[in-house]
Amino acid sequence: NTDFWRHVCISIHTTCMGKRIHLSRCVVLLPFAQLMPLARRHWAQIYPSGFVPQFQSTSNWAIQLRPFKLETGDISFEMAQDVLKAAHLLKTANLDVFAGLDATQQDLITTRLVEAAHQLATSAAAVHPQKRLDWAAEVRRDVFGGIVSPTFANESSIAQLALYWASTSSYASDVLFDDAVAKSQTDYLFMLEGLQRDPLARALMLHWDENAAFLQPPNMALPENLAGITLYPAKDAHDEAQLAAACVLRHIEAGRIPVALAATDRALIRRIRAMLATQNVQVRDENGWILSTTRAAAKLMAFLKACAWNASTDSVLDFLKNSDAKIIDTDELAALEKGVRKANRASWTSWVAFIKQESTSANVDSRLRGNDGKGGNDELLAVTLKIETARTGLQSPRILSAWLLALRTALGGSGLLQVLQEDLAGVKVLEVLRIDTNSMQNFQSSDRWSLSEFTAWVNTALESTSYKPPYPDLAQVVILPMSQLLARPFAAAVLAGCDEARFDPSPMLPG
């Protein structure tokens with residue numbers, strides 16, 4: 001790594017001196033943001049005095065030049081917002097191929113439209129904003145110019161709509177093509193290419209023309225005998241995780257830290273991390289995992305499921321048991337479950353009707369009494385009504401902003417809001433849904449949703465968001481995408497899951 005960065009820094013310095021370019025007015029584009037502090041540190045070691053180039057990633061550089069203001073139709077890359085925009089786009093497009101579809105099919109197509117637009121946006125953002133519509137027309141002519149089979153009519157319509165959306169959207173990186181802004185502060189552009197090609201960075205290099213140069217890293221070829229590389233065959237997924245965890249622990253015991261653990265497979269890495277946690281290994285997870293898989297998200301989804309008009313008694317009891325909500329206490333919950341089981345009520349609505357009838361009847365059902373005479377119908381009715389109070393606020397259809405306000409109120413009344421606020425993953429859940437701020441109006445939708453439709457939207461938002469736990473002060477292991485191993489100061493690397501499924505020899509390109 002030291003030789004790598006020395007070569008890069010000397011190349012930058014030599015070029016700037018030869019072209020009489022002030023170091024502070026040159027930008028060095030790095031493939032990912034984690035390299036920025038590393039590059040500055042190596043520059044300071046090689047050139048401890050004088051000016052420093054601007055080491056940037058494309059996203060960081062764009063934010064510094066001009067804060068991006070999202071307009072109504074722009075792709076936000078947040079699923080919670082973009083599914084609303086996609087639904088509106090589908091409605092206004094009024095395409096025949098989508099006529100007559102039920103709600104489930106419409107939700108599926110909306111999600112597919114967002115996914116297609118997000119993929120195409122990577123390519124669209126790499127085109128100069130003034131040339132983007134011409135680019136879209138060329139793509140449309142080349143890809144959709146022929147006759148489309150009726151079998152793929154839906155797919156073709158989705159792709160063309162996604163292309164229209166991606167080509168008419170603005171992006172935070174558009175400022176990098178604005179010469180009045182970017183070139184007024186920068187005279188020269190360097191690019192250090194990563195292990196994956198970046199369409200935007202390459203487009204910027206072409207845009208800057210003779211005032212740009214690629215940085216060629218030194219030849220970092222492996223030795224012919226591949227010394228230091230060991231392969232371990234695994235019998236199955238569990239054995240694979242155990243072997244990888246053992247490799248990590250062996251490196252730590254030998255003092256080779258930090259260890260890079262490449263995130264080649266999400267499920268496999270979570271298994272390995274769980275095994276490392278039992279050994280109190282300090283892990284820095286730069287890859288994260290899907291927010292919907294956290295306990296905080298599970299508690300919220302259990303609450304919404306328990307509030308459904310046709311909720312089962314099992315759903316309501318599951319929420320009360322596992323959510324840490326303060327609706328009823330432990331003794332009341334135990335008595336409630338005993339009563340529900342003895343009454344053999346599978347539906348929560350039927351249980352409510354049953355206990356109301358029994359509590360007003362002179363004939364008290366002895367099956368609902370405990371041996372000590374406590375826990376009768378009146379007590380069970382009081383407990384049931386407490387739960388109903390928490391549920392009834394989320395029953396009637398309403399627009400999205402009203403749903404979010406009602407959800408926050410219901411979470412506060414149940415005590416679940418405080419539970420989420422005390423959990424870092426819970427804070428992320430509230431942030432994604434805008435429940436923790438006054439920005440609920442950011443979600444623009446005038447459609448009236450049922451609880452099931454709102455629950456589906458919440459699930460989509462949580463499924464498409466990553467959660468990254470806070471980093472420890474001194475990490476022994478760093479979990480990261482394999483493409484971000486480049487030029488990082490790792491003492492060892494463990495690549496779990498080296499097979500034809502995880503290491504696709506022909507990966508799908510963006511867009």
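Let's start with helix α4 (residues 79-93) and helix α5 (residues 103-124), which pack at an angle of about 110 degrees with their axes 9 Å apart. That makes α4 roughly perpendicular to α5, a label for angles of 65 to 115 degrees. Axes here are lines fitted to C-alpha atoms over the stretch in contact, and angles run from 0 to 180 degrees between N-to-C directions. Helices are DSSP runs of H or I with at least four residues, numbered from the N terminus.

A quick word on the source: this is a predicted model, where local features need pLDDT of at least 70, side-chain atom pairs count only at pLDDT 80 or more, and totals for chains, interfaces and linings use all residues. Residues are numbered from 1 along each chain as its sequence is written, and side-chain values use heavy atoms, with hydrogens and water left out.

So who touches whom? On the α4 side we have Met79, Asp82, Val83, Ala86, Ala87, Leu89 and Leu90, and they meet Ile109, Thr110, Leu113, Val114 and His118 in α5; contact means heavy atoms within 4.5 Å. These residues divide into nine nonpolar, two polar and one charged.

Now, α4 has another partner: helix α20 (residues 451-463), packed at about 130 degrees with the axes 8 Å apart. Here Met79, Ala80, Val83 and Leu84 of α4 meet Trp457, Thr460 and Ala461 of α20.

Last stop, helix α13 (residues 313-322): Thr313, Ser315, Val316, Leu317, Phe319 and Leu320 are buried, meaning under 20% relative accessible area with a 1.4 Å probe, protein chains only. After α13 comes Asp324, with a positive phi near 65 degrees.

Note on methods
Helix = DSSP H or I, 4+ residues; strand = E, 2+ residues; numbered from the N terminus. Parallel < 35°, antiparallel > 145°, perpendicular 65-115°, else oblique. Nonpolar A, V, L, I, M, F, W, Y, C, P; charged D, E, K, R; others polar. Buried < 20%, exposed > 50% of the residue type's maximum accessible area, 1.4 Å probe, protein only.
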